[in-house]
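Thanks for coming. I will go through the strands of one model and how they pair.

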Amino acid sequence: MRLYFVCPFTGTGFWESRWELQGRLRVEADASGGRRVAGSVEVNCPVCKDRHEYRVEDLVCALSRVEPESEFN
Ligand SMILES: [Zn+2]
């Protein structure tokens, strides 16, 4: 599955499928009684060639983005 990341150094966004889940995903309850997925992934950044770690929580909103190259053609 390709996910959308934003390089923290350059601010450039990129799609990447070769990310690695760090540890296990957890389901946590938030203060309002809802549930959310928690965990982290690491990805080798094609922009700055460094390796970044992202919280899954931060990527969830990115999943709602329209991926231009697939699913719609
Ligand atoms: Zn980067």
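This is a predicted model: local features need pLDDT of at least 70, side-chain atom pairs count only at pLDDT 80 or more; totals for chains, interfaces and linings use all residues.

Take β3 to begin with. Of its eleven residues, the number buried is zero, so β3 lies largely in the open.

Where does β3 stand in its sheet? The sheet is open and has three strands, in the order β3-β4-β5, with antiparallel pairing. β3, residues 19-29, and β5, residues 51-55, stand at the edges with a single partner strand each, so one side of each has no neighbour in the sheet. On average, neighbouring strands of this sheet are turned by 10° against each other, direction ignored.

How many bridges pair β3 with β4? There are eight, in the antiparallel sense, and β4 covers residues 35-44. Two positions can be picked out on the screen. Ala-29 has Arg-35 in β4 as its bridge partner, and Arg-26 stands opposite Ala-38 in β4. The two strands form a hairpin with five residues between them. In that turn, Gly-33 has a positive phi of about 90°.

Now the other hairpin, β1 and β2. Strand β1 is residues 3-6 and strand β2 is residues 13-16; they run antiparallel and are joined by four bridges. Phe-5 stands opposite Phe-14 in β2. Between these strands there are six residues, and in this hairpin Gly-11 takes a positive phi near 75°.

To recap: a hairpin of β1 and β2, and an open sheet of three strands, β3-β4-β5.

Terms used. Residues are numbered from 1 along each chain as its sequence is written. Two strands pair if DSSP finds at least two bridges between them. Axes are lines fitted to C-alpha atoms, for helices over the stretch in contact, and angles run from 0 to 180 degrees between N-to-C directions. A residue is buried if 20 or more other C-beta atoms lie within 10 Å of its own, exposed if 12 or fewer, and partly exposed in between; C-beta atoms are placed from the backbone.
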